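Please open the structure in your viewer and keep the selection tool at hand.

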Amino acid sequence: MSELYNNIEPNVIDDEMLQKAIEEQRPEHIGKLAKRTGINFKDVTELELSFRNILQIDNLWQFENLTKLQLNNNIIEKIEALESLVHLVWLDLSFNNIEVIEGLDTLIKLQDLTLFSNRISKIGHMDTLQELQIFSIGKNNLTTLKDVIYLRRFKKLRTLNLRGNPLCDDEQYMLFVVAHLPDLVYLDYKRVSDTTREVAVLKYQDLIEPLEREEAQALAQLEEELAKQKELEYHKAAFVEYLNGSFLFDSMYAEDTEAAKLAYLPGEFVSACENLFNYGLKEHEKREAEVSDFYESLHEALTANQQEGRKLILDFENRNKRRLYEIRNASSYDIAESKRAEYKEDILQLSDALMTLEMLTADQLEVRVKHIPVRPHIQNMGGSIFSFSLTIFSTITQCRDLENRHHEELLEISITTLEKSVKNELDEDLPADVQMLLVDKNTIVNAVNTSHGIHLLKIDKRESDILSNTYRWQISVTEKAVQNEINRNRERVREIIQYIDNLQEELDNLRDPGD
């Protein structure tokens, strides 16, 4: 397309262009309305920006609900600024000057991607597009059949267009593609025949079989990593990540290479961490159950409120069916006005009853929500958090005591070893790196004391992290419950007002007998 636009000034995607494009693609009456009232870009689901001499993609962040985007027949050089279009299903970038596939990572819902007639020389950077079903990349600069192997990761890919690339000149092109993409239905606008598929499989089975084994191994490794990540996230939710083993102890020596030369692994330290780990998982399950019970109690209270509200409305409607009929068929103005006044008074009483019921419900829920903060004497979430915090403090104190004891023993052993080294009384030769520490008493004492300080800081930080995460979790549960109740109360009050307004409007619309 560059030749066509050589003598034309490139355009940028600005609000004026976007406004005009939306107006053009809508029906005439909607387009006119949009001109008068303006357009909310968040409401737009399809956008066509073809043949507009666009050089750079930009200013599309507001279209967060866009599902279809056409940017074909422009002079775009780079795929960019599409990060916010996470709902995009259909993207056309054909007939541009794009050289590299990039900038598509967030488009995980994309099903149809067209990059026809660009300057792309390699297929890649598309790993997140697992929903891809249709891919057109014909008339580019793809030269090697190995690019096709990359497309095996797209298990839903059924339609592929590569026509017009140099790789298509290879006499084995079609068989290679079909063999490596066994689920492909259409290739270069033609349906793949069963005969072609059979020939392709036979020809390339020696290449495909080891490839499938490699992919199976990679998939198994990925699943294992995902399982570990899921397990870690569960441990984090329980605030006990990396306490199931020697992780904390190892981290104490990770940045303390001098002390590591003299260290030994105290089993009691690891055992204390594992005890806290197992306790933390049990407490996590208990907290989750308590949160579930808490919301269940809220639901029960709301259900009772809804039932009582429905009863009030049903009684009102049953009571006033006859009155509405009498108003419509009143024999005189005075009788109609009298019935209207009775009906209006009933509406006011219903409004007061519904609002009073809602106020009582809000008060009840407020009391329940107040039970979430730490209250050691109450058997609720706060109580379990308090108990968990005490256990953390007790266990971490045990770890500190073990570190202190370990420090004292290590210091004693180090000084004794130094004395023996000076007298040449060592039973065995020490490693060279340990001998470097045994220069004199001050050197060895300073090294051991410094490492002891580092270890205590590590332990203190772990305790602080657990307690902080516990507190943040509790605050988040409280804030969520409070905000949910605020939103519910506002919505319920709005519903009551709307219902009462509708009743009043119905009363106002009743005609007088003489009209």
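Where is the place of Tyr242? Select this residue to begin; the model on the screen is a predicted one. Tyr242 is found in the loop between α5 and α6 (247-254).

**Two residues with positive phi**

Keep Tyr242 selected and inspect its backbone. Most residues other than glycine have a negative phi. Tyr242 is not a glycine, yet its phi is positive, at about 65°. Its relative accessibility is 41%, so Tyr242 counts as partly exposed.

Next, select Phe95, which lies in the loop between β5 (90-92) and β6 (112-114). Phe95 is not a glycine either, and its phi is positive, at about 55°. With a relative accessibility of 27%, Phe95 is partly exposed.

**The open sheet**

Now display the strands. In what order do the eight strands of the open sheet stand? The order is β2-β4-β5-β6-β7-β8-β9-β10, and the pairing is mixed. At the edges stand β2 and β10 (190-191); each has a single partner strand, so one side of each has no neighbour in the sheet.

Select strand β9 (residues 186-187) together with β10: the two pair in the antiparallel sense, over two bridges. Here Tyr186 can be seen opposite Arg191, which belongs to β10.

**Aromatic rings**

Show the side chains of the aromatic residues. How many aromatic pairs does the structure hold? It holds eight of them. One of these pairs is formed by Phe41 and Phe63, whose rings are stacked, with 4.6 Å from centre to centre and 15° between the planes. Phe41 sits in the loop between α2 (28-37) and β2 (46-48), and Phe63 in the loop between β3 (54-56) and β4 (68-70), so the pair ties together parts that are 22 residues apart in sequence. Are these two residues buried or exposed? Phe41 is buried, at 7% relative accessibility, and Phe63 is buried too, at 0%.

Move on to Phe294 and Tyr295. Their ring centres are 5.2 Å apart and their planes meet at 75°, so this pair is edge-to-face. Phe294 is buried, with a relative accessible area of 9%, whereas Tyr295 is partly exposed, at 28%.

Then select Phe239, Tyr279 and Phe388, which form one aromatic cluster.

**Salt bridges**

Side chains of opposite charge can pair when their charged atoms come close. How many salt bridges are counted in this model? The count comes to 22.

Select Glu342 and Arg323, which form one of these salt bridges, with their closest N and O atoms 3.4 Å apart. The pair links distant parts of the chain: Glu342 is in helix α9 (residues 333-369) and Arg323 is in helix α8 (residues 267-328), 19 residues apart. Glu342 is partly exposed, at 34% relative accessibility, while Arg323 has a relative accessible area of 18% and is buried.

Now follow helix α12 (residues 441-508) to Lys461 and Asp465, which are four residues apart and therefore separated by about one helical turn. Their side chains meet in a salt bridge, at 2.9 Å from N to O. Lys461 is exposed, at 52% relative accessibility, and Asp465 is partly exposed, at 28%.

Continue to Arg492 and Glu495, which also form a salt bridge, with 3.3 Å between the closest N and O atoms. Both residues lie in helix α12, three residues apart, which is about one turn of the helix. Glu495 is partly exposed, with a relative accessible area of 35%. Elsewhere, salt bridges that share partners join Arg319, Arg323, Glu342 and Asp346 into one network.

Leu219 lies in helix α5 (residues 194-237). With a relative accessible area of 46%, Leu219 is partly exposed.

How values were computed: Residues numbered from 1 in each chain as written. Predicted model: local features only at pLDDT ≥ 70, side-chain atom pairs only at ≥ 80, totals over all residues. Heavy atoms only, no water. Salt bridge = Lys/Arg side-chain N within 4 Å of Asp/Glu carboxyl O. Buried < 20%, exposed > 50% of the residue type's maximum accessible area, 1.4 Å probe, protein only. Phe/Tyr/Trp six-rings, centres within 6.5 Å; stacked < 30°, edge-to-face > 60°. Pairing = 2+ DSSP bridges.
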